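This briefing concerns the structure shown below.

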Amino acid sequence: MSTVTTKHHTSGATGKDGVKQDPTTKYPRPPFKFVQQEWPGLASKMDPRPDHGETSYRGSGRLKGKRALITGGDSGMGRAAAIAYAREGADVAINYFPSEEPDAREVIGLLKAEGVNAVALPGDLRDKEFCKQLVRDAIKALGGLDIIVNNAGRQQTAPSITDVTDEEFDAVMKTNIYAPFYIIKEALPHLEPGAVIIGTTSEQAYDPSPDLYAYAQTKAAIMNYVKSLAKMLGPKGIRVNGVAPGPIWTPLQISGGSPKERVEKFGGRTPLGRPGQPVELAGIYVQLAAEDGSYANGQVYGAAGGSGQP
């Protein structure tokens, strides 16, 4: 298991009380070593290892009594959201691909340490019937659902559209677009006023990279369904919002999502000069789910280090 490189790392995610931190040096900066992993990759094998808030996120009971289902909850923003939600008092079910079990076990351990109900629901989101069963299992295990975070995503780089196979295009669409459709459709009859749906979109929705043809268009579609569903479900008292990350240090990058040369310089072109860490978006997922965010509907909150949109 690798550890966080400390050459450019000054302190933890939130820092000590009252201590100001320079955001340009708060976390590792490029250059990074490129260590390829097979899709979907493990955060526990990354170097430097991403910060999901394991030791730094502090809760204050903002989601006490809530019940959340988070896809892609083993790593990346899904893991950061799961940790934050548990520390804010929510019961959490996480979904992940079966090969990500080592990372998922770490997450479940962290959630249980907070004294909340923590549920592991592995499976392949490309399968329609699994998506439907996932919702049913989450409702049964948690006693209902108040928060759905559709975070899991598939990202594979390809220099040309001619290099995108039919199978890969199908896998990206099923993971990023079909799965949220099936999950939301299955869950909707069980969601009460006050429930929240959150989608993870990307700066790629607004400024797509030429080598992410398939992935980028799914992120634009997610941004669109957030706004469409917000209008559809708002009158029912169900809010729908999105989070649009910029370059964030997750297993997506080293398991086929970015070419070697981009990983080595990852995040270096942002005004902050580094990639973001998953924990730096945790507070956004909390705010969009919390009661004091009740007027946020159809919004897309960005975090991209000073570049990108929105």
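The charged end of Arg-154 sits over the ring of Trp-39, at 4.4 Å from the ring centre; the criterion is that NZ of Lys or CZ of Arg lies within 6 Å of the ring centre and within 35 degrees of the ring normal. This is a predicted model, in which local features need pLDDT of at least 70 and side-chain atom pairs count only at pLDDT 80 or more, whereas totals for chains, interfaces and linings use all residues. Residues are numbered from 1 along each chain as its sequence is written, and side-chain values use heavy atoms, with hydrogens and water left out.

**Cis peptide bonds**

- Trp-39 is joined to Pro-40 by a cis peptide bond with omega of about 5°.
- Pro-40 belongs to the segment before E1; helices (H or I, at least four residues) and strands (E, at least two) are DSSP runs, numbered from the N terminus.
- The peptide bond from Pro-30 to Pro-31 is also cis, with omega near 15°.
- Pro-31 is likewise found in the segment before E1.
- As background, most peptide bonds are trans.

- Ser-255 is placed in helix H6 and is buried, with a relative accessible area of 2%; buried means under 20% relative accessible area, exposed over 50% and partly exposed in between, with a 1.4 Å probe and protein chains only.
- The side chain of Ser-255 reaches the backbone oxygen of Pro-40 at 3.3 Å.
- The side chain of Ser-255 also reaches the backbone oxygen of Pro-251, at 2.7 Å.
- A polar contact is a pair of N or O atoms within 3.5 Å; within protein, one must be able to donate a hydrogen and the other to accept it, and residues adjacent in sequence count only if both atoms are side-chain atoms.

**Aromatic pairs**

- Rings of Phe, Tyr and Trp (its six-membered ring) pair if their centres lie within 6.5 Å, with planes under 30 degrees apart counted as stacked, over 60 as edge-to-face and the rest as tilted.
- By this rule the count comes to 6 aromatic pairs.
- Trp-249 and Phe-266 form a tilted pair, with 6.0 Å between centres and 45° between planes.
- Trp-249 lies in the loop between E6 and helix H6 (251-257), and Phe-266 in the loop between helix H7 (260-264) and helix H8 (279-289), so the pair ties together parts that are 17 residues apart in sequence.
- Trp-249 and Phe-266 are both buried.
- Ring pairs link Phe-32, Trp-249 and Phe-266 into a cluster.

- Strand E6 (residues 239-245) has 7 of its 7 residues buried, so it is largely enclosed by the rest of the structure.
- Arg-239, Asn-241, Val-243 and Pro-245 point one way from E6, while Val-240, Gly-242 and Ala-244 point the other way.
- In a regular strand the side chains alternate between the two faces of the sheet.
- Strand E5 (residues 196-200) runs parallel to E6 and is joined to it by 5 bridges; two strands pair if DSSP finds at least two bridges between them.
- The bridge partner of Ile-197 in E6 is Val-240.
- E5, helix H5 (residues 213-233) and E6 make a right-handed β-α-β unit; right-handed means that, with the strands pointing away from the viewer, the path from the first strand over the helix to the second runs clockwise.
- E6 is also joined to strand E7 (residues 300-303), again in parallel, by 4 bridges.
- Val-243 stands opposite Tyr-301 in E7.

**Strands E2 and E3**

- Strand E2 (residues 91-96) pairs with strand E3 (residues 118-122) in the parallel sense over 5 bridges.
- The chain crosses from E2 through helix H2 (residues 101-112) to E3 in a right-handed β-α-β crossover.
- Ile-94 stands opposite Ala-120 in E3.

**Helix H1**

- The 12 residues of helix H1 (residues 76-87) should span 16 Å at 1.5 Å a residue, and the end C-alpha atoms are 17 Å apart, which agrees; the expected span is 1.5 Å times one less than the number of residues.
- In H1, 12 of the 12 residues are buried, so the helix is largely enclosed by the rest of the structure.

**Separations along the chain**

- His-52 lies in the segment before strand E1 (67-71) and counts as buried at 1% relative accessibility.
- The C-alpha atoms of His-52 and Val-279 are separated by 4.4 Å, although these residues are 227 residues apart along the chain.
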